[in-house]
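Please look over the sequence and the fold shown here before reading on. The report that follows takes up strands, cores and aromatic rings in turn.

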Amino acid sequence: MAQRHGDRPAVTDGEGQSLSHAQLCEHAHQMAHALLQRGLQPGQAVGVWLPNSLDAVRCAYGIRMMGAAETPMSGSLTREEFDWCASLAQVKHVITTPERQALVRSMGLQAWQVADLLGGSSQALPGVPAWHAGRILFTSGTTGKPKGVIYTHGERWAGEQMLQDALPFVPQPSDRLLLMTPFVHGASLLTFAWCHFGARVLLHDGVDMNQVGPLLQSG
């Protein structure tokens, strides 16, 4: 994507901060190298407890690039719910916000900020084995405690190809998509699809009409 789309904006957050495709690629590689240097293994669950943000996108690409299983956690989870999900997925390492680091560590888990994982090598890495766990998503918990659903890297890739093919039109670089639902669910899948085509995602952490109204009026 970096070779195809370069300095075009890939993702813009609700604060107006943006990542180009080239920057996203560079940061994802840096994060992947940093996680490997910390001893994480392909298929190992890595928790991500972040709001809709540029950091959430960096994590999604960086973790998959080094072969681990991205395990996104909803920002609305209580401590008890987070502890349950982390135990179920056997999460030992969590990437989170500075405000949540102490809470995560109090549960006996390793906690990092995204900034801790950037700034190192951005050299290319070998391909990821398709059979390793690549993403763990949790059900809503409306019928009991949340259940974990595991996707291998191969299944994740196949699902993304099907989503790209199922879009009602091919996104163009000038197209913008506003996403406000949690990144841990559908917003992330649409982000991956749009970035593939070089289009731009506006990723907001919930519905704020003071921000959304002007965006809709601008087209």
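## Basis of the description

Two strands are said to pair if DSSP finds at least two bridges between them. The strands themselves (E, at least two residues) and the helices (H or I, at least four residues) are DSSP runs, numbered from the N terminus.

This is a predicted model, in which local features need pLDDT of at least 70 and side-chain atom pairs count only at pLDDT 80 or more, while totals for chains, interfaces and linings use all residues. Residues are numbered from 1 along each chain as its sequence is written, and side-chain values use heavy atoms, with hydrogens and water left out.

## Strand 5 and its partners

Strand 5 (residues 93–96) and strand 6 (residues 110–112) pair in the parallel sense over three bridges, and within this pairing Val 94 stands opposite Ala 111 of strand 6. Strand 5 also runs parallel to strand 3, to which four bridges join it, and here Trp 49 has Thr 96 of strand 5 as its bridge partner.

From strand 5, His 93 and Ile 95 point one way and Val 94 and Thr 96 the other way, yet all are buried, where buried means under 20% relative accessible area, exposed means over 50%, and partly exposed lies in between (1.4 Å probe, protein chains only). Together with helix 5 (residues 98–106), strand 5 and strand 6 make a right-handed β-α-β unit; a crossover is right-handed if, with the strands pointing away from the viewer, the path from the first strand over the helix to the second runs clockwise.

## Strands 1, 9 and 10

Strand 10 is joined to strand 1 by three bridges, and the two run parallel; Thr 12 stands opposite Leu 202 of strand 10. Strand 9 and strand 10 likewise pair in the parallel sense, over four bridges, with Arg 200 of strand 10 as the bridge partner of Arg 176. Strand 9, helix 7 and strand 10 make a right-handed β-α-β unit.

Val 11 has its place in strand 1 (residues 9–13) and is buried, with a relative accessible area of 1%. Although Val 11 and Leu 202 are 191 residues apart along the chain, their C-alpha atoms are separated by 5.9 Å. Leaving aside neighbours within four places in sequence, Val 11 is in contact with several residues, including Leu 54, Val 57, Cys 195 and Leu 203, contact meaning heavy atoms within 4.5 Å.

## The nonpolar cores

A nonpolar core is a set of buried Ala, Val, Leu, Ile, Met, Phe, Trp, Tyr and Cys residues joined through side-chain atoms within 4.5 Å. In the largest one, which has 38 residues, Leu 35, Cys 59, Ile 63, Ile 95 and Leu 203 touch the most other members. Among the elements that each supply at least two residues of this core are strand 1, helix 2 (21–37), strand 3 (45–49) and strand 10 (200–203), while the largest share, eight residues, comes from helix 3.

Not counting residues up to four places away in sequence, Ile 63 touches Leu 35, Val 46, Val 48, Ala 68, Ala 69, Glu 70 and Ile 95.

## Aromatic rings and charges

Rings of Phe, Tyr and Trp (its six-membered ring) pair if their centres lie within 6.5 Å, and planes under 30 degrees apart count as stacked, over 60 as edge-to-face and the rest as tilted. By this rule there are four aromatic pairs. In one of them the rings of Phe 169 and Trp 194 have their centres 6.2 Å apart and their planes at 90°, so the pair is edge-to-face. This pair links distant parts of the chain, since Phe 169 lies in the loop between helix 6 (153–166) and strand 9 (176–179), and Trp 194 in helix 7 (residues 183–196), 25 residues apart. Phe 169 is partly exposed, at 45% relative accessible area, whereas Trp 194 is buried, at 6%.

The charged end of Lys 145 sits over the ring of Trp 84, 4.4 Å from its centre.

Definitions and conventions. Lys NZ or Arg CZ within 6 Å of the ring centre and 35° of its normal.
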